[in-house]
Amino acid sequence: MKAKDSDNSKKIKQTKRLSERYLRNAGEYYLNRFPASSDHFLIVMKRKIDRSCRDHADQDRNEWITHVREVVIPYFEKLGFLNDDLYARALFNGLKNKGYSAAKIKSRMIQKSVPSQLVEDCLNGGFDDAQAVHTFARKKRIGQYRLTPYTDYNEKKKDLGKLARAGFSYDIAMRVIEDK
């Protein structure tokens with residue numbers, strides 16, 4: 001029987017050193033998988049830069065972040081991978097089609113680092129919570145869209161909770177629940 005190595009610990013792989021090519025390849029790989037706004041893309045790239053700078057102390061974090069802002073982001077904007085306006089409209093339409101309220105849509109878009117002016121432009125384009133609540137209720141089979149009528153208050157309470165988590169006010173939610 002052979003003696004085992006005394007070092008059974010897992011080896012942690014060191015991150016790659018930062019370079020122009022590395023950041024462009026990493027950015028392209030990310031943008032091919034996920035749509036993103038310019039600000040959200042910068043946040044993702046900052047995390048990558050931070051991991052590399054932790055392992056390679058001689059690299060200047062601020063210099064690479066400036067490089068991403070001034071070189072990498074404009075490069076991807078020129079190629080069409082980053083377009084904040086198109087991204088905001090697509091995100092808005094996707095959330096609207098799910099039946100979310102204006103408050104929930106605004107919150108989600110801000111969370112995804114969409115500029116506030118684009119969020120307001122999307123919401124001011126004729127969005128109505130009263131219409132959205134019906135879309136949400138129809139998809140979730142709530143209120144007037146239920147297959148069976150309510151038998152007790154707890155069922156109504158659960159449905160009101162779903163509508164509240166989707167961002168709808170009590171008044172708007174009750175319109176769907178009470179079949180008005």
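Select Glu20 first: at 26% relative accessibility, Glu20 counts as partly exposed. The model is predicted, and residue numbers run from 1 along the chain as its sequence is written. Glu20 and Arg24 form a salt bridge, and their closest N and O atoms lie 2.5 Å apart. Both residues are in helix 1, and because they are 4 residues apart, about one helical turn separates them.

Stay on helix 1, which covers residues 20-33, and select Ala26. Is Ala26 buried or exposed? Its relative accessibility is 15%, so Ala26 counts as buried, the cut-off for that class being under 20%. Show Met45 as well and draw a line between the two C-alpha atoms: Ala26 and Met45 are 19 residues apart along the chain, and the distance between these atoms is 8.3 Å.

Next, colour helix 2 (residues 38-55) and helix 3. Helix 3 runs over residues 61-79. The two helices pack with their axes 10 Å apart, at an angle of about 140°. Helix 2 is therefore oblique to helix 3, since only angles over 145 degrees count as roughly antiparallel. The crossing of helix 2 and helix 3 is right-handed.

Keep this pair of helices in view and select Asp50 and Arg61. What joins the side chains of Arg61 and Asp50? They meet in a salt bridge, with an N to O distance of 2.4 Å. This pair links distant parts of the chain, with Arg61 in helix 3 and Asp50 in helix 2, 11 residues apart. Arg61 has 34% relative accessibility and counts as partly exposed. Asp50 is partly exposed too, with a relative accessible area of 25%.

Phe81 belongs to the loop between helix 3 and helix 4, the latter covering residues 84-98. At 32% relative accessibility, Phe81 counts as partly exposed.

Select Ser113, in the loop between helix 5 (102-111) and helix 6 (116-123). Ser113 has a positive phi of about 65°, although it is not a glycine. With 16% relative accessibility, Ser113 counts as buried. Then select Arg141, which lies in the loop between helix 7 (129-140) and helix 8 (153-165). Arg141 is not a glycine either, and its phi is positive, near 55°.

Remain in the loop between helix 7 and helix 8 for the last stop, and select Arg146 together with Asp159. Their side chains meet in a salt bridge, at 3.4 Å from N to O. The pair links distant parts of the chain: Arg146 sits in that loop and Asp159 in helix 8, 13 residues apart. Arg146, at 21% relative accessibility, counts as partly exposed, whereas Asp159, at 4%, counts as buried.

To finish, display every salt bridge. How many does a search of the whole structure find? The search finds 7 salt bridges, among them Glu20 with Arg24, Arg61 with Asp50 and Arg146 with Asp159.

Conventions. This is a predicted model: local features need pLDDT of at least 70, side-chain atom pairs count only at pLDDT 80 or more; totals for chains, interfaces and linings use all residues. Side-chain values use heavy atoms; hydrogens and water are left out. Buried means under 20% relative accessible area, exposed over 50%, partly exposed in between (1.4 Å probe, protein chains only). Axes are lines fitted to C-alpha atoms, for helices over the stretch in contact, and angles run from 0 to 180 degrees between N-to-C directions. Angles under 35 degrees count as roughly parallel, over 145 as roughly antiparallel, 65 to 115 as roughly perpendicular and the rest as oblique. A crossing is left-handed if the near helix is turned anticlockwise from the far one by less than a right angle, and right-handed if clockwise. A salt bridge is a side-chain nitrogen of Lys or Arg within 4 Å of a carboxyl oxygen of Asp or Glu.
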